[in-house]
Amino acid sequence: MSENSIRDVFLEEAKEILRHLEADLIQLEENPDDEVVHRIFRYVHTIKGSSGIAGFDEVYEFTHRLENLLDAVRNKKVPVEKALVDLLLESMDWVAEAIYEHANAERKKFLDEKVASFGSFSAKEGEAVLARTENVQAEKPANYFLVRASFKPTIFENGIDPLLILEDLVSLGSVEHRRVHFDKLPALRDMDPEKCYLEWTILLKTFHPRQKLDEAFLFVKDDNDISIEDVTNDFTDSERRAGGIQERKVGEILVRRGVITEEELDTVLSIQRETNKKIGDIIVEKGFADEKAVQQALGDQNRIKSRIQATTVRVETKKLDTLLNLLGEIVISQSSIARMAEELEEEQGYRLKNALYGMDRITREFQEQIMAIRMIPIGPTFEQFRRFVRDVADDVHKEIRLDIRGSETELDKTVIEQISDPLKHMIRNAIDHGIETPQERQKAGKKPVGTITLNAYHQEGNVFIEIIDDGRGLDRAAIRRKAVERGLIKGDEEINDRQLQEFLFMPGFSTAEQVGELSGRGVGMDVVRTNIEALRGTVELFSEPGKGTTIRIKLPLTLAIIEGMLVRVGKNVYIIPLLSIVESLQPVRDSIKTVEGKGEVLLVRDEYVPLVRLYQHFGIDSDFTNPWEALVVVVESGTSRIGIMVDDLVGQQQIVIKSLDNFITKSRALSGAAIMGDGTVALIIDVHGMVGEIAT
Amino acid sequence: MAAIVLPEDVSVKKVKALHAELLNAVDNDENEMVIDFSAVKRADLAVYQVLLACARECREKKKVVKIKGASSTVKEQMKFCGILRSN
């Protein structure tokens, strides 16, 4: 490998490690767990080693010192406290700068001194500790064994205490999980106290080989039901090396560990099918396992996933886009052939159509597979906010915990890339306006630490992302005051939920009394909505005074393909995204009016909606000029509705979107194009953009 | 309050007596039971099994069971047998 390619590999690898490190450091602060400390140590150790090979000498030297400090943390010589996490985060920022930008010598000197003098720890001491431990256990992989022990009822008669055997067993390592099975224990008055009834399932982490475990059961294994299963592959990298790693579901992981039984998992799955709740939540609710065990399984599931990711090949998204475009071309050619088949004589046409049906099935499957490749979990996007929440909350002297749920929820890479900024803005708002200070919370009878929850889930072919805070909720009175001030409502008018949302998402609408560093300039929520609608999504807001606010974003699974309604105006075909359509109707003459300042409107279910004559809007010919002779498709964007007048509805179809360059049109009412089966181009209507154009 | 003091050498050998004593305590009218482990360094599974069954029955009868004077070894053993919750 050339020097450059070594460097490239390191640059790519370090990016990933630094991302994990940041998430782990935040986790360390929240939950100072030994496993997290070990993981952080290993990450820093990897960066140290790789940076040395890739020629980043300063990074090597600095991470070596950090490693010493972390080793002292690992050996409990330095306590895990906020100052330590601050220093480590700052240090990681410097490492990232040194790798990807330029090393700031002054800053490094400052951090070097801080690292060396941290607490009572001295760099020299660290060197010694490091030398002693580095070659011992740091890199030695542990073994994991699942032990099931069921003793015969008469075992006490032989003078054997099963408890003693099990205590011997667990002294060989650490118990990752233990479950006692009480099923066979009778009621107190029915039991024979000299009989053995309890059974165990134990997940043991140990550096000893299996043989040692067998020895613990040496005198009982023949006439008792003892099983020892090596499940190391579920936990370590060895299976990856063997190429046999498998992604597992949380339920499966818990069953494999003996935390829950297969019957319990079946019960949980049937409840999940009915309620759509998360497996982990159901398991805890039913009392099959505690939250800690579920969280541990989720953590392991993520680790397994990240190991799987490590075995995959990186492919540029551009290449996938090209692949998808090519597939789009195939679909178009297929439609052309289908049209030709219609024109052929009966038998030939029939045979060709049959062949096309088969091909259609394959192309659909092909399309689904490509779409699946583009789907990535939202977890890493959520995780990047841990640091953000921590730092921003510190700045405003609030205590806030970030709770992440549904990390495994997958959505299109393009959507994920574009959702990050709106999310950041909403989280910032929640920190600044939503969550109260610890004192305010205590006064309100709440815990001093506020919670912001990021939640993602799939439902009805869409992805939902929620930003939930348990803060003070929206100040309706202030919003109403502001709306009156801006002339949006009259002084005596009350506001309903729909208006409340509409106002909050208006440009420049802010109720903040002071413009702060964070938010309060009234710039943002309108941009958030625009960005989300550009992704063909919607955003809703729910709030309860004193209890908090939930912002729910609904997004399509992918941006590359839409379900569209084909409509015809004269000789032109347009596509309206199906998700935006409320209904289509043929209006009666009396339902159309012209309102001063609003133009032509159509009465639909007691509500006047602006009427857009598509032929006028785009300056084209049409079959009809009277709306009551034509059809109107009512569409919705946010809380606004408009009626689009068209000559006819052609039908609905899956559309592969082609982007339109700006030189073709500057109209906000068009978002792209699609090539139809006969080779003609149909333009896709951007409902949000069209509503915006009508409003202005 | 019913108080049961366990002997230092409580084990399967003395579990029948303990079983009877616990049954008595479960059936009496007291709504609280204290089991004193102060003298016990360690016990065996037979002891913890009767304790578990007793705790289960007390829960049904809405009686409170309190463990007194348990050493760290005994507490660990209780956790291992599912009598006390693991942290």
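Guide: Start with chain B. This is a predicted model. Chain B has an open sheet of three strands, in the order β1-β2-β3, with parallel pairing.

Visitor: What makes β1 and β3 of chain B edge strands?

Guide: Each of them pairs on one side only. β1 covers residues 2-5 and β3 covers 64-68. Neighbouring strands in this sheet are turned by 20° against each other on average, ignoring direction.

Visitor: How do you know that β1(B) and β2(B) pair?

Guide: Pairing requires at least two bridges. β1(B) and β2(B), residues 32-36, have four, in the parallel sense. Ile4(B) stands opposite Ile35(B) of β2(B).

Visitor: Why are α1(B) and α2(B) called roughly parallel?

Guide: Angles under 35 degrees count as roughly parallel. Helix α1 (residues 15-27) and helix α2 (residues 45-60) of chain B pack at about 10°, with axes 10 Å apart. Therefore α1(B) and α2(B) are roughly parallel to each other.

Visitor: Which residues make that contact between α1(B) and α2(B)?

Guide: α1(B) brings Val15(B), Leu18(B), His19(B), Leu22(B) and Val26(B). They meet Ala46(B), Val47(B), Val50(B), Cys54(B), Glu57(B) and Cys58(B) of α2(B). By class, the contact has nine nonpolar residues, one polar and one charged.

Visitor: Now chain A. What does it contain?

Guide: Chain A has 23 helices and 22 strands. It has 696 residues, and 32% of them count as buried. Take its contacts between residues at least 6 apart in sequence: 68% join residues at least 24 apart.

Visitor: What is the strand order in the open sheet of four strands in chain A?

Guide: The order is β2-β3-β1-β4, with antiparallel pairing. The edge strands are β2 (173-181) and β4 (225-230) of chain A, each pairing on one side only. On average, neighbours in this sheet are turned by 15° against each other, direction ignored.

Visitor: Which helix packs on this sheet?

Guide: Helix α7 of chain A, residues 162-170. It touches β1 (143-150), β2 and β3 of chain A. The direction of α7(A) makes about 20° with that of β3(A).

Visitor: How do you know that β2(A) pairs with β3(A)?

Guide: The cut-off is at least two bridges. β2(A) and β3(A), residues 199-206, are joined by eight and run antiparallel. His181(A) has Glu199(A) of β3(A) as its bridge partner. Ser174(A) is partnered by Lys205(A) in β3(A).

Visitor: What joins β1(A) to β3(A)?

Guide: Eight bridges, and the two strands run antiparallel. Asn143(A) has Thr206(A) of β3(A) as its bridge partner.

Visitor: What makes β3(A) mostly covered?

Guide: A residue is buried if 20 or more other C-beta atoms lie within 10 Å of its own. Six of the eight residues of β3(A) are buried.

Visitor: Which strands pair with β8(A), and in what sense?

Guide: Strand β6 (residues 400-405) of chain A pairs with β8 (residues 450-459) in the parallel sense, over six bridges. Strand β9 (residues 462-469) of chain A runs antiparallel to β8(A), joined by eight bridges.

Visitor: Why are α16(A) and α17(A) called roughly parallel?

Guide: The limit is under 35 degrees. The axes of α16 (residues 379-395) and α17 (residues 413-434) of chain A cross at roughly 30° and come within 11 Å. Therefore α16(A) and α17(A) are roughly parallel to each other. The crossing is right-handed.

Visitor: Which residues make the contact between α16(A) and α17(A)?

Guide: From α16(A), they include Phe385(A), Phe388(A) and Val392(A). From α17(A), they include Ile416(A), Lys424(A) and Ile431(A). By class, this contact has nine nonpolar, two polar and two charged residues.

Visitor: How many residues does each chain give to the contact of chain A with chain B?

Guide: Chain A gives 17 residues and chain B gives 20. On the side of chain A, α7(A) gives the most, with three residues. That side divides into 14 nonpolar, no polar and three charged residues.

How values were computed: Residues are numbered from 1 along each chain as its sequence is written. Chains are lettered from A and ligands numbered from 1 in the order in which they are written. This is a predicted model: local features need pLDDT of at least 70, side-chain atom pairs count only at pLDDT 80 or more; totals for chains, interfaces and linings use all residues. Axes are lines fitted to C-alpha atoms, for helices over the stretch in contact, and angles run from 0 to 180 degrees between N-to-C directions. A residue is buried if 20 or more other C-beta atoms lie within 10 Å of its own, exposed if 12 or fewer, and partly exposed in between; C-beta atoms are placed from the backbone. Two residues are in contact if their C-beta atoms, placed from the backbone, lie within 7 Å. Angles under 35 degrees count as roughly parallel, over 145 as roughly antiparallel, 65 to 115 as roughly perpendicular and the rest as oblique. A crossing is left-handed if the near helix is turned anticlockwise from the far one by less than a right angle, and right-handed if clockwise. Ala, Val, Leu, Ile, Met, Phe, Trp, Tyr, Cys and Pro count as nonpolar, Asp, Glu, Lys and Arg as charged, and the others, Gly among them, as polar.
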